[in-house]
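Hi,

Here is the structure I promised to pass on.

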Amino acid sequence: MTTTVFTETVYERARAILARYPEGRERSALLPLLHLVQSEEGYVSPAGVAFCAEVLGINKAQVGAVATFYTMYKRRPTGDWLVSVCTNTMCDVLGGQQVYETLSELLGVGHDETTADGRITLEHAECLAACDYGPVMTVNYDFFDNVTPDSAVEVVEALRAGTPPKPSRAPRLCTLKEMAVQLAGFSDPREGAVGEGVAGAPTLRGVTLAQQHGIAVHGFDPDTPIPRKDADGTPARSVPAKVADAVKSVPAKVASAATAAKDAVTHRKPSESSGGDVKDPEVRAAEARNPDARTPEPDASGRTAPGNTGDAAGDAKPAGDDPGPQRQNLKDAQ
Ligand code: FES
């Protein structure tokens with residue numbers, strides 16, 4: 001079945017996205033594909049979900065599960081200008097909530113709602129990773145730093161007037177659909193659409209203070225090479241790979257320990273020196289340390305009750321307190 005909402009150009013772009021992934025791994029292209037359909041319709045519509053499912057050969061429920069997980073995929077028609085105000089902890093204490101409430105009142109919309117003319121969508125956002133510039137807001141993911149209720153109103157009024165203001169750290173704003181094209185992995189052809197920036201003073205504040213006060217990490221060498229091989233010359237393995245190997249070896253180690261324990265029980269003979277004493281060596285050791293303590297008698301099933309404080313067999317410690325096995329396990333895992 002072919003969905004008709006999307007043109008051949010969109011199919012071409014979808015094929016270009018799929019071509020970036022290794023054969024058999026095309027399903028990983030779902031995220032950029034969702035941005036692609038959003039760049040056409042301004043949101044991920046049911047037709048967009050069907051398009052992604054068709055292109056990837058998966059079902060619509062699988063696409064929907066991903067599309068509803070990430071907040072950047074909008075499930076309802078969204079304005080040209082998505083205004084996101086950070087109301088997370090750092091921005092909130094610096095006035096982020098007042099900024100959000102001021103804009104909400106000005107636009108007459110609440111969270112994830114769009115103005116009646118369909119041009120501006122407002123949302124409050126979790127940390128936008130620019131706490132050093134807080135409080136912040138973004139318009140189509142470009143930042144406006146250190147906003148106040150008044151400066152935020154100026155930004156929104158400029159959007160309404162059709163004169164998008166320049167963001168704090170980007171050359172110029174683009175519409176949400178244009179931004180979605182970039183997020184799908186295609187360059188923006190507009191002149192000066194993408195600019196390069198450097199880390200600003202607030203971001204570098206900690207480094208600057210350290211330099212001013214002569215604080216440095218002892219022995220730190222920024223040119224320290226990253227080892228490419230293990231000591232024996234084999235390519236360095238990642239930590240997850242090492243952990244995976246350690247986990248793989250656990251069943252074999254457990255089976256070997258169980259066999260050894262079974263053999264020990266099967267071949268155990270009454271000790272000559274103990275005159276036929278068949279007690280576990282650990283019990284005998286505990287009794288030697290605390291000869292006045294009572295050793296519990298086996299019950300009808302032949303088992304011995306767990307030791308409590310004062311029991312020689314219990315050695316005044318709850319079961320599992322012996323750190324020996326844990327230490328050995330940790331050693332093995334390393
Ligand atoms: S809390 Fe607002 S950017 Fe981090």
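Cys86 has Ala125 as its bridge partner in strand β3. That pairing belongs to strand β1 (residues 81-86), which runs parallel to β3 and is joined to it by six bridges. I count two strands as paired if DSSP finds at least two bridges between them. Strands (E, at least two residues) and helices (H or I, at least four) are DSSP runs, numbered from the N terminus.

Before I go on, a word on the source: this is a predicted model, so local features need pLDDT of at least 70 and side-chain atom pairs count only at pLDDT 80 or more, while totals for chains, interfaces and linings use all residues. Residues are numbered from 1 along each chain as its sequence is written.

Back to β3 (residues 120-125). Strand β2 (residues 113-114) also pairs with β3, here in the antiparallel sense and over two bridges. Glu113 has Leu122 as its bridge partner in β3. The β2 and β3 hairpin has five residues between the strands, and Gly118 takes a positive phi near 75° there. β3 is mostly covered, with five of its six residues buried (20 or more other C-beta atoms within 10 Å of a residue's own, C-beta atoms being placed from the backbone).

Now the helices. Helix α1 (residues 8-18) and helix α2 (residues 30-41) have axes that come within 10 Å and cross at roughly 160°. Axes are lines fitted to C-alpha atoms, for helices over the stretch in contact, and angles run from 0 to 180 degrees between N-to-C directions. α1 and α2 are therefore roughly antiparallel (angles over 145 degrees). The crossing is right-handed (the near helix is turned clockwise from the far one by less than a right angle).

Which residues of α1 and α2 meet? Val10, Arg13, Ala14 and Ile17 on the α1 side meet Pro32, Leu33, Leu36 and Glu40 on the α2 side, a contact being C-beta atoms, placed from the backbone, within 7 Å. By class there are six nonpolar, no polar and two charged residues (nonpolar: Ala, Val, Leu, Ile, Met, Phe, Trp, Tyr, Cys and Pro; charged: Asp, Glu, Lys and Arg; polar: the others, Gly among them).

α2 also packs against helix α8 (residues 176-183), at an angle of about 155° and with the axes 8 Å apart. That makes α2 roughly antiparallel to α8. His35, Gln38 and Ser39 of α2 make the contact with Lys177, Ala180, Val181 and Leu183 of α8. These residues divide into three nonpolar, three polar and one charged.

Cheers

Methods:
Parallel < 35°, antiparallel > 145°, perpendicular 65-115°, else oblique. Contact = placed C-beta atoms within 7 Å. Buried ≥ 20, exposed ≤ 12 C-beta atoms within 10 Å, placed from the backbone.
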